[in-house]
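Work through the exercises below with the model open beside you. Try each task before you read its solution.

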Amino acid sequence: MKDHSRLSEVFNEDEQRVNWHDETLWWIRQKRDKAANMLPEWELLRENASQIKHHTLSNLANYLEQFESKALANGITVHWAANAVEHNEIVLSILNRNGIDQIVKSKSMLTEECHLNAFLESNGVGVVDSDLGERIVQLAEEPPSHIVLPCIHKKKEEIGELFHKHLGTAHGEADPQVLTEAARQDLRSVFLTRRAALTGVNFAVAETGEIVICTNEGNADMGVHLADIHIASMGIEKIIPKRKDLGIFLRLLARSATGQPITTYSSHFKTPRLGQEMHMILVDNGRSRQLGREEFRNSLKCIRCGACMNTCPVYRRSGGHSYQYTISGPIGSILAPNLDMQKHADLPFASTLCGSCTNVCPVKIDIHNQLYQWRQVLVAAGKTTATKRWGMKIASTLFAYPALFGAAGKLGRSLMKITPYLFKNRLNPWYHQREMPAPPEQSFREWYKKQRNNKD
Amino acid sequence: MMTVGLFVPCYVDQFYPKAAIATLELLEKFNVKVSFPAKQTCCGQPMANSGFSHLTQASDELFTEGFAEFDYIVCPSGSCVLHLKDHLHSVKHPQKAEEIRSKIYELVEFLVDILQVQDLKARFPHKVGVHQSCHGLRGLKLAQMTELVAPGFSKPVHLLNMVDDLEIISLSRKDECCGFGGTFCVTEEAVSVKMGKDRVADHVLNGAEYITGVDLSCLMHMEGILKRQGSMVQIIHIAEILNAN
Amino acid sequence: MTMANSRSKILEAVKLSQPAFSEIITANIPQSKENLPAKFAGASTNVGGKFIQLNTLEELKSYIAENFKRTGIILSDIVELSDFSVLEIKEMDPHSLANVELAILRANLAVAENGTCWLPEENAIQRVLPFITQHLIVVVSNDAFVPSMHQAYEIIDQDIYGYGVFIAGPSKTADIEQSLVLGAHGPRSMTICLIQELNNKEKR
């Protein structure tokens, strides 16, 4: 399997495209900065949000039960799924019971995490993703490359091509206005004909048993309000204690995500529409395990704004698909190893630990520290290579003995001069696109000994 | 008289002795008694950032024994200092290690916060781009970070402004990472180099003759790219500018 | 059944894993109450909305006549607009709203910081209406304005609703190369109309 490093190398073969990807996402980071700077209380908001999430995680079991009882009282059916398989089975059984074989779905990273689409399709249920970006990657048969901007990796000409093939737009048509209109017309007929709508959840309020879903397109509401059955899937970490806490989170979410002051729609679903069935599926799928990992539990504060991706200099230059996990970028790199340490062992290393992710995070997750911690955990669990292990052993031995280190350094520097080909070759990844530093005549310690007559 | 132990990181010792010499001379200009303990090597970061923090014990002990006696420890690298501040532990001398963690300073923060330098008598008649190394910036908070909604400041720029005839150029991305990242520079070579190229281009396009910063690791990476491009733009550690006459 | 087992399994695992209880510590965030309609107007324009101020609902009638197609279906529960709009909306099948051209609805709250309006279910009349209509006009009174989402939720906190939505401008997307397009799935335009004469009592 190709790892993040190898996939990034492939992504970087087209430098112009990397520039385009980087600049598009950097532009969003700048919009986020502008929106944040309009609120003098921004840092206070982040702190409050982080505190609320901290408190919620410390009382999560109670809040889940409170949410459940309120939701039941509101006329919602509540399901619990310990893992992805159970989640998918619950969805399928609701659909089967109602004889439904076609659904419309708005954005839900959780259903991506559970690979729900593939499961339903293999069971004869057709799924149409209604968020424009999600629809585009669905037509392209690709996973989303970004949690908020699913097709940020695609150029409009490529989308035009897809729409020409699937929606019958004119060949060569690449105007976003025209393409969006085509999708609008196509999806309108979908909304009007699907009897079940599946959505994700942005926030679930324990106090009232209501859920809040944020979209810009209105696709979640179009689907839900025209369907007989609404199925909402949520990770158990989506709980917030009180309705008024929404004030804090809604102020942070869109500003962090896209620089908008708020998403176009923030829809509060408390009871099903008259005559409608509403199901909530509360999904664990590794979250309780992550909650038990003291150094990583803060990752469960995440509200999925994607700001850490937009600011990440590595993400911008490697693309979301290089992470090979539903949630890419920095936050994905601390969530993924929890689910599968072996498969995602490369991700915590796909970072320079620059710390920008931590600074933009609206709930103040110490993302870069957790990346560092994951590295320790992965190596301790043996998820590393023999080359790395030996390299590190040798280095640590050299660093243990100053005289040995001094001698080795001197030897190394002479070798660089006498036999430069030992360093300047294809096996040295440093040298591939960078010159080696010029080795000086003497090291500082040699100079110091001579100049300052230091003994030893 | 205040005593300072000079810590010269392994790669600075081997490849950039001039920066270490400038650090030493600069500190001595301010009437500080500086010693360079011979028994020093590395802060341990290369192992720890690669996930092998359990292999840093020997270098941690060495560091603790070598530096415990000083009033302050000063080092011309933000990254190494941050690592020691966060992670230095000693089994033999736990108390001493803890003390070191609170009395170790990166050079610029030592000059600004402890020595409270007001005047430098240095001259460097060039256009200079300031690279904000991430660990110095976001770890040691040597300057305000562009992500935060907070008043601006910059300790490196505060000092560079005292240097005669020096012109600081402005950048389109003030504090983006250069992509060095320790072993990241070889394990993620493609992204590392691309990040470096982009950072270098920002400085070059804005007219820098020199790129400076508090961390030679970043500068070494950018130097490698500049040299491969055949660029005339040079890298220089901030100590060498502050010590330039 | 697995579901029942999973419930206790999950709750048990969460109880074992969650950290020691900690109280919420949040600081108060002060908000200025000055110039709210003007601030709202700016914010609303930024999110693609159009803000207008009129004196009476009579004036709104002529505004609609000048700016919207009268051939399409217009829905509203505002009695004063009954000569050109359909009032009996509540009992309709939501699918039958597919061809609505314009809906004119009332909002209880208008948030100055972000140009958003609050429509609980009774104001939306049908949940799908503010979404399925091609164009949306939201009528607000002078006392609907609050500085930020914090004050909005202080008011909403007391409300009883089955559904409610904050709406900020027309439906939109920037999924294709970050180019902003208005009219994704929902309304292509949203006009927020402050009617000076209106007060809360008259609205209900």
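**Exercise 1: One arginine**

B:Arg173 is buried, at a relative accessible area of 9%; buried means under 20%, exposed over 50%, and partly exposed in between (1.4 Å probe, protein chains only). This is a predicted model: local features need pLDDT of at least 70, side-chain atom pairs count only at pLDDT 80 or more, and totals for chains, interfaces and linings use all residues. Residues are numbered from 1 along each chain as its sequence is written, chains are lettered from A and ligands numbered from 1 in the order in which they are written, and side-chain values use heavy atoms, with hydrogens and water left out.

Task: Where in chain B is B:Arg173 found, and with which residues is it in contact?

Solution. 
- Step 1. Locate it. B:Arg173 sits in the loop between strand 8 (167-168) and helix 10 (184-187) of chain B. Helices (H or I, at least four residues) and strands (E, at least two) are DSSP runs, numbered from the N terminus.
- Step 2. List the contacts (heavy atoms within 4.5 Å). Neighbours within four places in sequence are left aside. From chain A come A:Asp22, A:Glu23, A:Trp26, A:Arg316 and A:Arg317. From chain B come B:Arg199 and B:Asp202.
- Step 3. Look at A:Asp22. It forms a salt bridge with B:Arg173, and the closest N and O atoms are 3.0 Å apart. A salt bridge is a side-chain nitrogen of Lys or Arg within 4 Å of a carboxyl oxygen of Asp or Glu.
- Step 4. Check one distance within the chain. B:His203 is 30 residues from B:Arg173 along the chain, and their C-alpha atoms are separated by 9.6 Å.

**Exercise 2: Chain B against chain A**

Task: How many residues of each chain are in contact, and what is the area buried between chain B and chain A?

Solution. 
- Step 1. Count residues. Chain B gives 71 and chain A gives 78.
- Step 2. Take the area. About 6,400 Å² is buried, and carbon and sulfur atoms give 60% of it. Buried area is the accessible area (1.4 Å probe) that two parts lose on being put together, summed over both.
- Step 3. Find the top contributors. In chain B, the residues losing the most area to chain A are B:Gln14, B:Val149 and B:Arg228, together 11% of what that side buries.
- Step 4. Count salt bridges. There are 10 between chain B and chain A.
- Step 5. Find the main element. Helix 11 (residues 189-205) of chain B supplies nine residues, the largest share of the side of chain B that touches chain A.

**Exercise 3: Chain C**

Task: Which pair of chains shares the most contacts, and how many salt bridges are there between chain A and chain C?

Solution. 
- Step 1. Compare the pairs. Two pairs of chains are in contact, and chains A and C share the most contacts.
- Step 2. No contact joins chain B and chain C, and their closest C-alpha atoms lie 15 Å apart.
- Step 3. Size the interface. Chain A and chain C bury about 6,900 Å² between them, with 59% of it on carbon and sulfur atoms.
- Step 4. Count salt bridges. Chain A and chain C have five. One of them pairs A:Arg255 with C:Glu113, with the closest N and O atoms 2.7 Å apart.
- Step 5. Find the main element. Helix 10 (residues 176-193) of chain A gives 11 residues, the largest share of the side of chain A that touches chain C.
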